[in-house]
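Please examine the sequence and the structure shown below. The report that follows describes selected helices, a pocket and several individual residues.

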Amino acid sequence: MSTAGPGAPASAPLRGAGGSTAALVAGTDIIAAGAGAGAGAGAGAGTLGRADLLAAASRIAPYVVRTPLLRGPVTAAHGTELLLKAEHLQLGGSFKMRGAANAVLALGAARVVTGSSGNHGIALARIARTLGIRLTVVLAAGALPSKAAAIRALGADTVQVGGGVAEREERARALAAERGAVLVPSSDHPLVVAGQGTVGLELLAAAPDTETVYVPTGGGGLLAGLCLAAADHPVRVVGVEPALTPRYARSLAAGHPVRLPPCATVADGLRGQSPGAVPYPVIRDRVDELIAVGDAEILAATALLHRLGVDAEPSGAVALAGALRAGRRERAVAIVSGGNTPARLHTPHHGRTSATTHTLIRTETKEPTP
């Protein structure tokens, strides 16, 4: 498939406001940003920067764990150089705890509404229960029943809507206005992006010689956070999207955010239909590549992780699928973004994931410095 948006040529130059140039590569599912790792995030990041990530790291420290780097699968391209950032071991089962905690703690809201595919809702429900916050989570039609049940088990209310992520977000905004609640989106908020960026701070502190980071990309909060963490670091940042919904690739090709129709990719956490207003300029001005992977590749990567003892959900395996598709000989890290499988969600109050049989590479890292 082509990553070109509707009406876009098979190969066309793109230029973002920050001066970076991207080329759409025909027949490859890849958009490469020619500015490379030297491009700063400042031009499109508004006021977001490293200081916000450091503030988030300090704020959320009592509520999250510093997840380890694990040894990844041995591949012909990567050899033994591929590592995994184990966010499936995060409290709440995914990296979403970071952004959720940062937003809720900074905003000090007593009542919160959000739209979520599941993991953000689980993370918010966990922190809301800890802090005594009333939470309502709006779910799209395709949300997994196991994740909806886990959210309710943690004490939050759920509302289900027909349609996809766009309809979900519209309903969440309306509910927040009706109830006088604070809206905490799953990705499109500066505090959420800053919280997700702490993944990048930890990763680059633990493995500063990393050449490429592969990042699963849905709403774009995690990818934008990695772009901010890597703003002044010589590392390639590669976003990996499901081929059924390559909203960032299509948007960069078009030169502006575009909305795609709802889809049913197996990566249920990455079904967003359009880029967020906060993540989009950060990603546009710093990302090095966007790769699209098919559902078969995602399921194969999920199975590979399971064989290695890493209990990832399909969304959590997307970055590894991208690294395998790229096939580059490099020191790389793939972020395993979540592990909220139906089996794990039978015990929704889980904290740390049960011990993995995988090889631990690094868990304690030096604190990132300004």
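## Helix H4 and its cover

The buried residues of helix H4 are covered by elements that include helix H3 (119-131), strand S7 (134-139) and strand S8 (157-160). Helices (H or I, at least four residues) and strands (E, at least two) are DSSP runs, numbered from the N terminus. Helix H4 itself spans residues 145-153, and its buried residues are Lys147, Ala148, Ala150 and Ile151. These four lie on the same side of H4, because they cover an arc of only 160 degrees around the axis; the arc is that of the directions from the helix axis to the C-beta atoms. An α-helix has 3.6 residues a turn, so residues three or four places apart point the same way. Just after H4, Gly155 takes a positive phi of about 100 degrees.

The word "buried" stands for under 20% relative accessible area, "exposed" for over 50%, and "partly exposed" for values in between (1.4 Å probe, protein chains only).

## Basis of the model

The model is predicted: local features need pLDDT of at least 70, side-chain atom pairs count only at pLDDT 80 or more, and totals for chains, interfaces and linings use all residues. Residues are numbered from 1 along each chain as its sequence is written, and side-chain values use heavy atoms, with hydrogens and water left out.

## The chain as a whole

The chain contains 11 helices and 14 strands. Of its 370 residues, 61% are buried. Among contacts with a separation of 6 or more, 72% are between residues 24 or more positions apart.

The chain exposes about 13,300 Å², and carbon and sulfur atoms supply 55% of this area. Accessible areas come from the Shrake-Rupley method with a 1.4 Å probe; for residues, only the protein chains shown count as cover.

Helix H6 (residues 190-206) has 17 residues and reaches 25 Å from its first C-alpha to its last, close to the 24 Å expected at 1.5 Å a residue. The expected span is 1.5 Å times one less than the number of residues. H6 is mostly covered, with 15 of its 17 residues buried.

In helix H11 (residues 318-326), the buried residues are Val318, Ala319, Leu320, Ala321, Gly322 and Ala323. Their cover includes strand S5 (82-86), strand S10 (212-216), strand S11 (236-242), strand S12 (289-293), H10 and strand S13 (332-336). Gly327 follows H11 and has a positive phi, near 60 degrees.

## The largest pocket

The largest pocket holds about 680 Å³ of space. Of the 42 residues that line the largest pocket, the closest to its centre are Val165, Arg168, Ser186, Ser187 and Gly219. The elements that give two or more residues to this lining are H3, helix H5 (165-179) and helix H7 (221-229). H5 gives the most, with six residues.

On a 1 Å grid over the protein atoms alone, a pocket is an open set of points with protein on both sides within 12 Å along at least five of seven lines, and lining residues have an atom within 4 Å of a point. Grid points are joined across faces, edges and corners, and a volume is the space filled by probe spheres set on the points.

Thr265 lies in the loop between helix H8 (247-254) and helix H9 (279-286). Thr265 counts as buried, because its relative accessibility is 0%. Leaving aside residues up to four places away in sequence, Thr265 touches Pro242, Leu244, Leu270, Arg271, Asp295 and Ile298. The C-alpha atoms of Thr265 and Asp295 are separated by 6.4 Å, although the two residues are 30 residues apart along the chain. Leu299, which belongs to helix H10 (residues 295-307), is partly exposed at 43% relative accessible area.

Which residue stands 224 residues from His88 in sequence and 6.4 Å from it in space, C-alpha to C-alpha? That residue is Ala312. His88 is in the loop between S5 and helix H2 (96-107), and is buried with a relative accessible area of 1%. Arg66, in the loop between helix H1 (50-60) and strand S4 (69-71), is partly exposed, with a relative accessible area of 25%.

Notes: Contact means heavy atoms within 4.5 Å. On a 1 Å grid over the protein atoms alone, a cavity is a set of points where a 1.4 Å probe fits but cannot get out, and a pocket is an open set with protein on both sides within 12 Å along at least five of seven lines; lining residues have an atom within 4 Å of a point.
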